[in-house]
Amino acid sequence: MDGSTRMPQTADEIAAHLTEAVHEHRVLPGMKLSEDEVGEIYGVGRTVVRQALRHLAHDGLLRIERNRGAFVAKPTVKEAREVFEARALLEPSIARAAAERATPAGIATLESHIREEHVALAAGEPGRALKLSGHFHVEIARIADQATIEGFIRQLVSRSSLVIALYWRRRNAMCESHAHHALVDALRRHDGQAAEDLMKGHLLDLLSQLDLRDHSAELLSLREALAR
């Protein structure tokens with residue numbers, strides 16, 4: 001981490017930083033998060049570390065094994081399919097609701113996400129682009145004003161990041177930009193049917209880009225993965 005940047009100190013801050021590292025594919029599925037090492041990296045005690053790790057476990061990003069410790073979750077092929085099938089069930093109807101409720105401010109937020117995705121990809125940071133792409137989908141649920149389903153989609157997007165880290169066929173391509181642009185255009189027109197159809201096609205396309213065979217990800221050291 002850059003020494004000029006304030007280190008996360010609280011359990012919530014550390015959980016947020018670890019979550020970002022997972023979304024950006026710096027901390028990969030299967031990696032062990034040792035309490036001692038995490039505490040040393042952030043300069044905090046075990047109690048704070050345990051609280052942070054429990055937060056990630058609650059979000060489905062970690063599994064905590066008795067007498068073994070905490071590991072970044074590693075979705076099976078079956079789980080990978082289920083995550084994207086669940087998204088395909090939920091998100092099209094949410095896109096329709098978002099089209100009905102979209103405001104100029106909400107559209108501006110989505111456009112900002114797309115611009116930031118492009119900047120990240122141009123800078124050779126596909127992990128950050130993936131995180132932004134996921135946030136784009138969560139933002140659509142927020143625009144739809146469906147708080148409960150937004151929570152489900154947020155968790156599914158988190159799981160999707162793990163799935164993509166293991167099974168994504170095109171390592172340098174995230175959500176296709178034209179799909180996100182088309183969704184924003186449908187929301188701007190308040191065209192619910194178009195938004196629903198576009199989201200359904202978009203998610204099916206993402207599922208088709210998964211290479212659903214068992215893979216072993218190359219793991220970095222935890223310190224290297226969390227360094228900025």
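A pocket here is an open set of grid points where a 1.4 Å probe fits, with protein on both sides within 12 Å along at least five of seven lines. Keep that in mind for the third view; everything below comes from a predicted model.

**View 1. The whole chain, from one end to the other.**
Start by getting your bearings: the protein has 10 helices and 3 strands. Of the 228 residues, 48% are buried. Now look at who touches whom: among contacts with a separation of 6 or more, 76% link residues 24 or more positions apart.

Across the protein, pLDDT averages 86, and 89% of the residues score at least 70. Helix α4 has the highest confidence, with a mean of 94, while helix α10 (residues 222-226) has the lowest, at 71. A word of caution for any view like this: where pLDDT is low, the predicted coordinates should not be read in detail.

**View 2. A look into the largest pocket.**
Here is the largest pocket, with a volume of about 340 Å³. It is lined by 15 residues, and T19, H23, H135, R154 and S158 are the closest to its centre. Helices α1 (11-23), α3 (46-58), α6 and α7 each give two or more residues to the lining. The largest share comes from α7, which supplies 5 residues.

**View 3. The largest nonpolar core and its neighbour.**
Next comes the largest nonpolar core, a set of 39 residues. Those with the most contacts inside it are F84, L110, F136, I140, Y167, L187 and L210. Six helices each put in at least two residues: α4, α5 (104-122), α6 (126-143), α7 (147-167), α8 (177-188) and α9 (192-208). Helix α4 makes the largest contribution, 8 residues. Apart from this core lies another one, of 25 residues, including V27, I41, Y42 and L62.

**View 4. Zooming in on F84.**
Find F84 in helix α4, which covers residues 77-101. Is F84 buried or exposed? F84 counts as buried because its relative accessible area is 2%, and the cut-off for buried is under 20%. Leaving out neighbours within four places in sequence, F84 is in contact with S160, V163, I164, L206, L207 and L210. For a sense of how the chain folds back, check L156: L156 and F84 are 72 residues apart in sequence, but their C-alpha atoms are 8.0 Å apart in space.

Now move over to F136. Which residues does F136 touch, once those up to four places away in sequence are not counted? The list is L110, H113, I114, E117, H180, L183 and V184.

Last stop: an open sheet of 3 strands, in the order β1-β3-β2, with antiparallel pairing. Strands β1 (32-33) and β2 (62-65) sit at the edges, each pairing on one side only. As a reminder, strands of a sheet pair through backbone hydrogen bonds. Follow β2 into β3 (residues 69-72) and you can trace 4 antiparallel bridges between them.

Definitions and conventions: Residues numbered from 1 in each chain as written. Predicted model: local features only at pLDDT ≥ 70, side-chain atom pairs only at ≥ 80, totals over all residues. Heavy atoms only, no water. Buried < 20%, exposed > 50% of the residue type's maximum accessible area, 1.4 Å probe, protein only. Contact = heavy atoms within 4.5 Å. pLDDT = per-residue confidence, 0-100. Pairing = 2+ DSSP bridges. Core = buried A, V, L, I, M, F, W, Y, C linked by side-chain atoms within 4.5 Å. 1 Å grid on protein atoms, 1.4 Å probe; cavity = no way out; pocket = protein on both sides within 12 Å on 5 of 7 lines; lining within 4 Å. Points joined across faces, edges and corners; volume = space filled by probe spheres on them.
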